Each structure stands twice: as structure tokens, then as C-alpha cells.
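Hi there,

Here is the structure I promised to pass on to you.

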Amino acid sequence: GGPRMNVLKGARGKLDMTQQEACDVLNIALATYRNWEMKRTQPNASQIMDIHNKLNIPLDELMEHFKKE
């Protein structure tokens with residue numbers, strides 16, 4: 001086990017993006033993004049596709065990140 005890598009954080013790292021830059025690219029509020037990164041809230045289907053396309057995260061990894069416990 002151990003803590004899983006946070007896919008959103010990892011993708012930002014690869015793209016050398018701050019949270020704010022990710023928000024600008026995804027056209028969302030910083031608070032919204034932070035909630036996603038901390039798994040407090042979930043994006044809708046079109047937002048998932050946005051994250052997938054703009055941050056280059058495989059869909060299966062996104063689904064895993066956001067799946068309900």
C-alpha cells in the first residue's frame with residue numbers, strides 16, 4: 001500500500017504548472033481545483049474530459065482518483 005501518488009498533482013508536476021495555472025487552463029476556480037486534488041469534490045463528466053485532455057492524465061487514472069470510497 002502506502003499513499004497513492006496524487007494524479008492531479010503528479011500531472012501538474014510533469015507540466016510544471018501551479019494550481020492556479022491548472023485552474024486557468026481548466027477554466028475553474030482555485031477552490032474547485034483544490035477540492036478535486038484533495039478528493040473532497042468530484043468534477044462532472046465534461047470536466048473529467050477537460051482534465052484528461054489538458055493535463056494529459058489517462059482516464060483510468062482519473063476514474064481511480066475520483067472513485068467514491
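Predicted model: local features only at pLDDT ≥ 70, side-chain atom pairs only at ≥ 80, totals over all residues.

Let's begin with α1, which spans residues 7–15. Which of its residues are buried? They are Val7, Leu8, Gly10, Ala11 and Arg12. The cover over these buried residues includes four other helices: α2 (19–26), α3 (30–37), α4 (45–55) and α5 (59–66). If you colour the helices separately, you can look at each of these in turn.

After the helix comes Asp16, and its phi is positive, near 55°.

**Salt bridges**

How many salt bridges does a search of the whole structure find? It finds 3.

One of them brings us back to α1. Glu37 and Arg12 meet through their side chains in a salt bridge, at 2.9 Å from N to O. This pair joins distant parts of the chain, since Glu37 sits in helix α3 and Arg12 in helix α1, 25 residues apart. Are these two residues buried or exposed? Glu37 has a relative accessible area of 6%, so it is buried. Arg12 counts as buried too, because its relative accessibility is 10%, and the cut-off for buried is under 20%.

Another salt bridge pairs Lys54 with Asp50, whose closest N and O atoms are 3.6 Å apart. Here both partners lie in helix α4, 4 residues apart, which is about one turn of the helix. Lys54 is partly exposed, with a relative accessible area of 37%. Asp50 also counts as partly exposed, at 25% relative accessibility.

The remaining salt bridge is between Glu64 and Lys67, with the closest N and O atoms 2.9 Å apart. Glu64 is partly exposed, having a relative accessible area of 35%. Lys67 counts as partly exposed as well, at 43% relative accessibility.

**To sum up**

In the part of the model around α1, the buried residues have α2, α3, α4 and α5 among their cover, and Arg12 forms a salt bridge with Glu37 of α3. The other pairs are Lys54 with Asp50 and Glu64 with Lys67.

Key: Residues numbered from 1 in each chain as written. Heavy atoms only, no water. Buried < 20%, exposed > 50% of the residue type's maximum accessible area, 1.4 Å probe, protein only. Helix = DSSP H or I, 4+ residues; strand = E, 2+ residues; numbered from the N terminus. Contact = heavy atoms within 4.5 Å. Salt bridge = Lys/Arg side-chain N within 4 Å of Asp/Glu carboxyl O.
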